[in-house]
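Hi everyone, thanks for making time for this.

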Amino acid sequence: MGKTILVVDDDAMNLRMTEMTLKKKGYDVKKADSGQTALALLQEETVDLILLDVEMPVMSGVETLDAIRARSELAEMPIVFLSSSEDMEQSVANGEYAVQGFIPKPILPQKLYEGVAVFFE
């Protein structure tokens, strides 16, 4: 497969579980535990998709999204929000954010696979 996914989540358990689940399907996984770490990693690494937690301290997922979109080379990067908020899910569905998808938390493997697969088929 060879596709690289950056998972951004402040919860270490969520990061590990998402990484393990994606690696089982053959994806290369990069991890960041904050928006700031993700932005620094994106300076050095090339990824094919970003899975971005919405609720993070210091720099929220929305703030991280804005910072990513502000960089011209990342303006078209596919980004999927991760959140337990039904309001956020509706906001994404309504096109209120420049993201290409939404995966509800807690993250179930089947939902994760479905949410990611659409970008690589």
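Let me start with what I mean by an aromatic pair: rings of Phe, Tyr and Trp, with the six-membered ring used for Trp, pair if their centres lie within 6.5 Å. Please keep in mind that this is a predicted model. By that rule, the count here comes to 2 aromatic pairs.

One of them is Tyr 27 with Phe 120, a tilted pair at 5.4 Å centre to centre, with 45° between the planes. Tyr 27 sits in the loop between H1 and strand S2 (28–32), and Phe 120 in the segment after helix H5 (109–117), so this pair ties together parts that are 93 residues apart in sequence. Tyr 27 is buried, at 9% relative accessibility.

Then there are Phe 81 and Tyr 97. Their ring centres are 5.6 Å apart and their planes lie at 65°, so this pair is edge-to-face. Phe 81 belongs to strand S4, while Tyr 97 is in the loop between helix H4 (86–93) and strand S5 (101–104), so the parts tied together are 16 residues apart in sequence. How accessible is Phe 81? Phe 81 is buried, at 0%, whereas Tyr 97 is partly exposed, at 26%.

Now to the charges. The whole structure has 7 salt bridges. One of the contacts I like joins Lys 105 to Asp 53, with the closest N and O atoms 3.1 Å apart. Lys 105 lies in the loop between S5 and H5 and Asp 53 in strand S3, so that bridge connects parts 52 residues apart in sequence. Lys 105 is buried at 18% relative accessibility, and Asp 53 is buried at 2%. Asp 9 comes in here too, as Asp 9, Asp 53 and Lys 105 are linked in a network of salt bridges.

Over in helix H1, Glu 19 and Lys 23 lie 4 residues apart, about one turn of the helix, and their side chains meet in a salt bridge at 3.3 Å, N to O. Met 13, Met 17 and Met 20 form a nonpolar patch on the surface, with about 300 Å² of accessible area together.

Last stop, helix H3. Which residues of H3 are buried? They are Gly 61, Thr 64, Leu 65, Ile 68 and Arg 69. Seen down the axis of H3, these fall within an arc of 130°, so they line one face of the helix. Their cover includes helix H2 (35–44), strand S3 (49–53) and strand S4 (79–83).

Thanks, and I'm happy to take questions.

Methods
Residues numbered from 1 in each chain as written. Predicted model: local features only at pLDDT ≥ 70, side-chain atom pairs only at ≥ 80, totals over all residues. Heavy atoms only, no water. Buried < 20%, exposed > 50% of the residue type's maximum accessible area, 1.4 Å probe, protein only. Helix = DSSP H or I, 4+ residues; strand = E, 2+ residues; numbered from the N terminus. Arc of directions from axis to C-beta. Contact = heavy atoms within 4.5 Å. Patch = residues over 30% accessible without salt bridge, like charges linked within 9 Å, V, L, I, M, F, W, Y side chains within 5 Å. Areas by Shrake-Rupley, 256 points an atom, 1.4 Å probe, with all protein chains shown as cover. Salt bridge = Lys/Arg side-chain N within 4 Å of Asp/Glu carboxyl O. Phe/Tyr/Trp six-rings, centres within 6.5 Å; stacked < 30°, edge-to-face > 60°.
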